[in-house]
Amino acid sequence: MKFFIDSVDIQAIKKFTLSGMVDGVTTNPSIIAKSGKDFKEVIREICEIVPGPVSAEVTATEAKLMVEEGLILSKIAKNVTIKVPLTWDGLEACKTLSDKNIMVNVTLCFSAQQALLAAKAGATFISPFIGRLDDLGEDGMDLIKDIRAIYDNYPSLKTEILAASIRSADHVRRAAVIGADISTLPPSVLDELAQHQLTDKGLKAFLDDWEKTGQKIL
Ligand code: G3P
C-alpha cells in the first residue's frame, strides 16, 4: 500500500520522507485555509520534496473553468495531480484533463457507483471518504470493499483507490486488508501506525538489561 500525506505540513512531510513513507501528498481547500499558506507556493514547495503525485484541488464548479484552473496548477510541477469533485462537471473536467495526460484525483466520493463513473472518466485516483461516512453511522470501509470489487471486475479500469478521510490506524489496517491502493493520512495517523505498547515495554526491558552488562556498541 502506498501512503500519501494529507497535509501541507512541510516538517512532517520531510520527516516521514526519511523513512520512505511518503509516496505522495494530498491537499484540499480546507487544509490550505487552515494552514494560512499560499496555495501555489506550498504546492511548489511540496513538489520539490516529494517526487510522487501531489494533489491540488480546483475550486471552480463549471467543467470549463475547472479545466482552466487545472491547466494552471499542472504547470507548477510535473507531479501535480489535479483534484476535482465528483460532480458531472468534475467528471467532464476529469475526462478532458486525463485525455491531456494530466493525473486527476476525483474527490468527495461517497458511493461505489460514483467511483465507477470516475474510473470511466479516466481518473488516476478515486478518493472515497471513509471517516465522513463513519460520522453518519455507516461503515465507510464497506465503500472501499465495494469499489475494490467493482474495479477488480473490470481490469480495463486503471483507477487507483485512494482511501481518504482516514482518522485512525485501524482505518489503515482495514483499507490495506481490503486492498485499497493508497491511504492518504494526516501526519498524526501515520505517526500512530508505528505505535504499540508492547514495543515500548519490550524496548524498555531490553535497554534496562543492556545497561546491566556495562557494555557499549559505539
Ligand atoms: O483527503 C480528504 C480528507 O482530507 C478529508 O478528511 O478528515 O476532513 O474528512 P476529513
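Colleague: Why does Ile217 count as exposed?

Modeller: Ile217 has 76% relative accessibility. Exposed means over 50%, so Ile217 counts as exposed. This is a predicted model. Ile217 sits in the segment after α11 (197-213). With Trp210 and Leu218, Ile217 forms a nonpolar surface patch of about 440 Å² accessible area together.

Colleague: What makes α8 and α9 roughly parallel?

Modeller: Their packing angle is about 20°. Angles under 35 degrees count as roughly parallel, so α8 and α9 qualify. The axes of α8 (residues 140-153) and α9 (residues 169-178) are 10 Å apart. The crossing is right-handed.

Colleague: How do you know that Arg148 and Asp181 form a salt bridge?

Modeller: Their closest N and O atoms are 3.2 Å apart. The cut-off is within 4 Å, so the pair qualifies. Arg148 is in helix α8, and Asp181 is in the loop between α9 and β8 (182-185), 33 residues apart. Shared partners join Arg148, Asp152 and Asp181 into one network.

Colleague: Why does Arg148 count as buried?

Modeller: Arg148 has 14% relative accessibility. Buried means under 20%, so the label holds for Arg148. Asp181 has a relative accessible area of 24% and is therefore partly exposed.

Colleague: What makes Lys95 and Asp99 a salt bridge?

Modeller: The N to O distance is 3.0 Å. That is within 4 Å, so the contact counts. Both residues lie in helix α5 (residues 88-99), four residues apart, about one turn of the helix. Asp99, at 52%, is exposed, while Lys95, at 42%, counts as partly exposed.

Conventions: Residues are numbered from 1 along each chain as its sequence is written. This is a predicted model: local features need pLDDT of at least 70, side-chain atom pairs count only at pLDDT 80 or more; totals for chains, interfaces and linings use all residues. Side-chain values use heavy atoms; hydrogens and water are left out. Patches are made of residues with over 30% relative accessible area and no salt bridge: like charges are joined within 9 Å, nonpolar side chains (Val, Leu, Ile, Met, Phe, Trp, Tyr) within 5 Å. Accessible areas come from the Shrake-Rupley method with a 1.4 Å probe; for residues, only the protein chains shown count as cover. A salt bridge is a side-chain nitrogen of Lys or Arg within 4 Å of a carboxyl oxygen of Asp or Glu. Helices (H or I, at least four residues) and strands (E, at least two) are DSSP runs, numbered from the N terminus. Buried means under 20% relative accessible area, exposed over 50%, partly exposed in between (1.4 Å probe, protein chains only). Axes are lines fitted to C-alpha atoms, for helices over the stretch in contact, and angles run from 0 to 180 degrees between N-to-C directions. Angles under 35 degrees count as roughly parallel, over 145 as roughly antiparallel, 65 to 115 as roughly perpendicular and the rest as oblique. A crossing is left-handed if the near helix is turned anticlockwise from the far one by less than a right angle, and right-handed if clockwise.
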